[in-house]
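User: I am new to this structure and would like to learn how its features are read. Please take me through them in turn.

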Amino acid sequence: MLLGLQLAGVSSKGMTIQERKSAVKLSADVAMAGARGSTNWTRALIANLSKQERNKAILRCILGKDYEKLTKPCQYHSWKNPRSKQILRRSVIRVCSRKRNVLRAPATSVLAKVLVKKRTQVLKSLLPGGESLYGFYLLDETLDYVISLRVQVDLMQRLLKASETSNLG
Amino acid sequence: MSSRRSRITEEEINELISKLQSILPETRRRGTSRASASKLLKETCNYIKSLHREVDDLSDRLSDLLATMDTNSPHAEIVRSLLRS
């Protein structure tokens, strides 16, 4: 991540606050994706970042060989299972109502379905590359992404702390 | 995670759900047997949003700090070595 920061020229005086912040975020995201390797969300993240020409050079520099790997089209989800979403929903409802053993009124279950659908859409919009996934794969990617995000936050906190203490010293 | 399976088993789904529940801060506190699908999704979305906000905030603070730091200084060296360990 530090390489990214250097390449983006973060310490140059000529940068505006916005530019510097974008550079920091870019470095953090690239580091996160690079460390994780090839998954649907990392590829989507890199693809999004690459849309801006000026980022491409930095990305290539930081990721090296991995850049090619992460931008190559991939057949990972070529056998998407459309049934998995129903299986997933059924088993989640079963998991939670097993203990309660309550007969659900029809209106409640319709509402539940609508809520699930709506919230799934929100999740898809939050997850890089989430639009094309559903069911099991969506949750699987989500889990992976959340874990990586936590690592990213942890890393940035440490970097911040280290910089703050070294600046004082 | 690239082994080809012809079907996803219910066991795998349950495992995934419980892993997700164990990471989310809210559901972890309340115990694992009570989350419904929509609640789980809501918690997940909220958690991701809060993590995004945190990254955003940390980016702000880091960029403020880096504005005053020269990357060739001994400070940068210390930071680099701390990150390597």
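Analyst: The mean pLDDT (the predictor's confidence in each residue, from 0 to 100) of chain A is 72, and 66% of its residues reach 70 or more. This is a predicted model, in which local features need pLDDT of at least 70 and side-chain atom pairs count only at pLDDT 80 or more, while totals for chains, interfaces and linings use all residues. Residues are numbered from 1 along each chain as its sequence is written, chains are lettered from A and ligands numbered from 1 in the order in which they are written, and side-chain values use heavy atoms, with hydrogens and water left out.

User: Over which residues of chain A does pLDDT stay under 50?

Analyst: Where pLDDT is low, the predicted coordinates should not be read in detail. In chain A this concerns residues 77–82, for which the model has twelve contacts (heavy atoms within 4.5 Å) beyond four places in sequence.

User: How many helices and strands does chain A have?

Analyst: Helices (H or I, at least four residues) and strands (E, at least two) are DSSP runs, numbered from the N terminus. Chain A has eight helices and zero strands. Of its 169 residues, 43% are buried (under 20% relative accessible area, with a 1.4 Å probe and protein chains only).

User: Why is H3(A) described as largely enclosed?

Analyst: Nine of its eleven residues are buried, so the rest of the structure largely encloses H3(A). These include A:Trp41 and A:Leu49.

User: Which residues lie nearest the centre of the second largest pocket?

Analyst: Rolling a probe the size of a water molecule over the atoms shows where empty space is left. On a 1 Å grid over the protein atoms alone, a pocket is an open set of points where a 1.4 Å probe fits, with protein on both sides within 12 Å along at least five of seven lines; lining residues have an atom within 4 Å of a point. Here 20 residues line the second largest pocket, and A:Ser22, A:Ala23, A:Lys25, A:Leu26 and A:Leu49 lie nearest its centre. H2(A) gives the most to this lining, with six residues.

Terms used:
Buried means under 20% relative accessible area, exposed over 50%, partly exposed in between (1.4 Å probe, protein chains only).
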